[in-house]
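Take a moment to look at the model below. We will walk through it one feature at a time.

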Amino acid sequence: MFDDPRIKARYFLESSSIISELEDVLNQLVYEKPNDLNGYIANHFLDQSKQPQIINLTLKRLIGPADEPAMHMDLTIALRNRTEQHNGLTVNLSSGKLNKLTTKQLEALVNSASLRTIFSGIDLFDQITIDNLLIDFRSKHADEMAKLAAAESENSNNEPTSDATLIKVPTTTRPPTSSGGAKTGVAPAPSKKGAGKDTQPVEIIPDEPEPLSFGGQLLITGISLTCHLITAKIKQSNLFRLIQLPSITNLSMPLPIIPILQSGPIYPGKQSLIKYFMLIPTPNIIHNEEWIHKVHNIIQFLRDSLTSAKGAILQSSYSTDDGCLVFPMDKLEQGFDLLQNAINSVCGTDEHWFDYAIQMGPYDIFDYTRGKYEVTSGVIKSSDELVDVYADLINSYPRCIMLIDPFRYADKSSLSRLCDRISNKCYITSTDIRRYQNDNNDDNNTINCHLLSLDSAPTITELIQRINTFRELNGYALGLFERDHQEVAQIHLADLAVGLGCRFIKLPGLLSLGGQQTCVILQRLSIIRDEIEMNDNNQQFARPNQHDFIHIRSPIDLIEQDRIISSHDNEQMTTTEQTNKEVIPSTSDVEYAAAEILAINGGHYVRFALDKPVLRLYTIIYSTFWYWIVWFADAALLLLPCIERPAYFTEVPPWVALIIEIAALSILFASFILSMRLQDKRKLLREAVFPYIFAGVFLLTSIDMIIYYVLTLRGHYYVRWSRPLRVLFPFALQAGQNIRRVIRNILRTLPNIGNVMFLFLFSLLTFTLLGVGILKNKKLTYPNGYEYFTNYLDTAWDLYVLTTTANNPDEERQLIHKRQLDIILVIFERITQHSLNRSLSYETYVRLMRAVKPEITENIIDAYWKTLDVTNKEDGLNLRQFNELLLNLNFGLRQRSSDQTILQKKIPLIYNSKPSRIIIDFVNTE
C-alpha cells in the first residue's frame, strides 16, 4: 500500500506543509493583484529558502607581479538546490625573496587538507562561526610552524635564540639585520661613520617579541574577507553596509593619507629621521574631488623642480618603489618647505587644502652601539632629545597634524612625554603590530590615533571587535592601511574604512604600481558616496568633522594628582558651561599674533619664543628710546679711542674712558639678553650666527679691557688689540638686522654676477684703451677746461661711472616676502586653532587690534574692519582677509576731532561768519 507513488507524494506534500503555503500565497496573490505574478511568488518563497551552505574552498597558486607567491580563492556554494562556484580574492602571500623555512611554511599552508574542508556544510551567512574556525586553524597551524622552525634550526646547527632581557652589543659586532627590520624589531647596522671607533658596549632593552607568525598567514584574512564579499554579493548589498557598526549612524568619507616625498638613510641627503612626507586633504574639501587633481599637480610641480634643481640626482632615481619622489635633503625642515612651496604654487594661499603627516623609520636609524637615533649624518640624539626635535617641528609647522612611528616600541617613556607636549596639536600614532597584540594592553592609551593593518592576519570579525573596543574605550581617531607590497583587501580597503567608521585611510604613493591601487580606492570611495546619496534618501555621505586632538598627559606624581582631583568639581562646572561654546584664543596667543604683526610691518624677522611675553619685550626692544640708547652705546665704543691711551685728548683721565666703556658694554649686553629672551633660543642658535659673534666679541673685549686698565693704572704700557672688533657690535645685535641683510644680499649677488662683471670690466678697459688712442689728439675738454681722454685711469673711471647702475634686483626682498607669508600662516593657524570654522572672529579681531595699537579707538577698529568688505561680523576673517588686514595696517587711520575750539565756544557768531570760514578753509588747505 505504501509502495503506491501517489500515496508517497501525498505523504511528502502533507509533511512539508507546502500545500498550505501555496494556498496562502495564492490567496494573497488574488487579494493584492501584482503586475508580476511569478516575481511575487518567487519573492515569497525566496525569504523562506535555506541559507547558502559552503561546499568547498578552492585554492589556486599564482605568481605575483614581482615573482612572489600568490593564491586565488574560490568558494563553492549550495543555494536553492543549485551549486555555484563564486570568485574570490587573490592574495600575495609574501614579498621579497623566500628563504627555505618560509617556502616550507607556504607549502604546508597551501597543502593543508583541513583548511580546504574546514568550512564544509557551514552557513555562509554565519560569519562569526567562519571566523572562529579560521582563528582556531591559525592558532594550531602557528604552533605546527613553530615546531617546523625549531626542527629546521636544529637541522642547520644554528644556535637557539636567547631569552635574555638585555642585548649586549660589543664594539666588534653589529646587531643582526633583516629585510623586515622595522617589522621584527631588529635594528639595522649602525651608521658607517664612527664604525671604526672604540665605543663601549651599551645595554639596551629590546622590544617585546611579536606574536607568532608563519609564511602565508595573510591567506587567513583573505579567506575571511572573501566570505564577506560573497555574502554581500548574494544579499545584493555592499561590503561597507554588511560590516557597518551599529554605533555608526552616519557614514563619512575617510581622509586619505598619501605619501609624496621619501627620504631616509638609503636616499641622498644627510636627513635620515623622516621617512615619508605625506599630504592629508582637509575635512572641508574632501567632498570636492578637485583635491585629487591638486595632488597630481603638486607632484608634477615637485618633479619639475627636481629635474631643474642644481645638482639633481639621476632621472631613474627620482621616484621610489613606494611611489614617492626623492629630493636630497640635509635638514628636517627641507621636506616641509618643499611641500609648502608646491602647495602655495598650485593651490594658492587663500584656501586651506592640505595638512601634513610624517612617518619616521625608528628602527632604520637606531644605533644599537650607542643606544641613540641618528637624526642626520653624524648627529645622534637620545629618545628624550628627540622629543624636543618633534615638538619644535610641530610648533614650526602647525599644519603637520600627524606623527607616525616617532619612536621604537621600547621607548614608551619618551612617547609618553611627547604625547604630553604635542598631542593637543596633532595625532600621534604607531603602525607597530606589538601595540595591538593584546586587547587589554595599556599601550592603547598612550597614543591618540590608531592605525590598524592586516599584518597579524586578523579575521574581519576580529578587526570589527578591535575597532569597536577602541571606539567605546577612548574615542581616539582610527585609521586603516595595508603595508607596502601587501595585497589582501586591495580596492575593498575603501569599504572596510567606510563601514568601520575610520577617520583615515593610508594609501600608497601615486608614482608606482601601488599608485594605480590608490586611484582605484579613491574611485571606489567616490562610488560609495554616490551610492549612499542615491539610495539613502534621508542620509548624506557626511563630511568628516574638524580635527579633534585628544590630549594625552604623561603619568603624574601623587601630589599633582591630588591637586587635580581637588579642583575637579570646579573644572567640571567650567567645562559644562563651555561645551557648546567656541573656545576663544588665549591672551598669550593674541599677544603672540600682535607681536608678529608688528614685526612684519616693521620689516623685522624675529624668531619669537612661544612661552614668553613677546609683545611687551618686542615693544621695549624696538622702541625709539631703546633704539637710540643702543646706537649711542655703539657710537661711544667707536669714538672711545679718542680718549684712550694713546689718545688725541690727552688731558682726559683714564677712569673716564673706563666708565664710558663699562656703560656702553652694559647697554649692549642688556640689549643682547633682551633679544635672547624674546626669541626661541634653540631656533635662534640653530639658524643665526650673530649671537655667537656677539658672545665672542663681548668676551674678548671684556678681557682686553680688564687687562688694559689693570696695567695702565699701574703705569705699564699696553695696546688695546680688541679695538678693531668693536665695529662688529652693530652687526651682532638684533637691531643690526638691516645691516646684516644688506651684506647678505651683496654676498649672495656677487657669485651670480662674477662672470658678467669680469666681461664688463674687460670690455670697459678695452674701450677705454681705444678711446684714449683715438680721441687723445682731438683735445676734448670738460666744461671746467680740463682735458678729456688723456689719462687712461681717469678715463676708465669716467666710463665706469657712466655705465654702471645700482638697480640689481633685490633677491633678499623675495626671500623676505616668502618668509612673511609663512609667518602669516603660522599666526593665523595659532590664533584660530580652537575655532570651529577656522576663521578669526570679530571679538578676537578687536583684542588683536588693541594689542597691536593700544591707543586705537572703537571707530578706527570698525573702520579697519569695513576695509575688508566683510558683510557679516559672525563670519569672521579667513586667511586672505587676514593677510589684507596686515597690509591695511601700514596705512594709518585718524579720527577727525569733533571738539569745538575756544573761539567757537566763546564767540560762535564771529567764528562761523563768512569771512571767518574763508580764513579757516584757507588755513586747512594743503
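Predicted model: local features only at pLDDT ≥ 70, side-chain atom pairs only at ≥ 80, totals over all residues.

Residues are numbered from 1 along each chain as its sequence is written, and side-chain values use heavy atoms, with hydrogens and water left out.

Start with charge. Side chains of opposite charge can pair when their charged atoms come close. A salt bridge here is a side-chain nitrogen of Lys or Arg within 4 Å of a carboxyl oxygen of Asp or Glu. The whole structure holds 14 salt bridges. One of them joins Arg-241 to Glu-531, with the closest N and O atoms 3.1 Å apart. This pair links distant parts of the chain: Arg-241 is in helix α9 and Glu-531 is in helix α17, 290 residues apart. Helices (H or I, at least four residues) and strands (E, at least two) are DSSP runs, numbered from the N terminus.

How covered are these two residues? Buried means under 20% relative accessible area, exposed means over 50%, and partly exposed lies in between (1.4 Å probe, protein chains only). Arg-241 has 27% relative accessibility, so it counts as partly exposed. Glu-531 has 18%, so it counts as buried.

Glu-290 and Lys-294 meet at 3.7 Å, N to O. Both lie in helix α10, 4 residues apart, about one turn of the helix.

Arg-720 sits in the loop between α25 and α26, while Asp-704 is in helix α25. Both residues are buried. Shared partners join Glu-661, Asp-704, Arg-720 and Arg-726 into one network of salt bridges.

Next come the rings. Rings of Phe, Tyr and Trp (its six-membered ring) pair if their centres lie within 6.5 Å; planes under 30 degrees apart count as stacked, over 60 as edge-to-face and the rest as tilted. The count comes to 19 aromatic pairs. Why is the pair of Phe-669 and Phe-698 stacked? The ring centres of Phe-669 and Phe-698 are 5.0 Å apart and the planes are at 20 degrees, so the pair is stacked. Phe-669 lies in helix α23 and Phe-698 in helix α25, so the pair ties together parts that are 29 residues apart in sequence. Phe-669 is partly exposed at 36%, whereas Phe-698 is buried at 19%.

Turn to the surface. Val-742, Ile-743, Ile-746, Leu-747, Leu-750, Ile-753 and Val-756 form a nonpolar patch with about 610 Å² of accessible area together. Such patches use residues with over 30% relative accessible area and no salt bridge; like charges are joined within 9 Å, nonpolar side chains (Val, Leu, Ile, Met, Phe, Trp, Tyr) within 5 Å. Areas come from the Shrake-Rupley method with a 1.4 Å probe; for residues, only the protein chains shown count as cover. Leu-747 is found in helix α26, and Leu-747 is exposed at 55%.

Finish with two loops. Gln-236, in the loop between α8 and α9, has a positive phi of about 55 degrees although it is not a glycine. Gln-236 is exposed at 77%. Asp-405, in the loop between β12 and α14, also has a positive phi, near 55 degrees. Asp-405 is buried at 9%.
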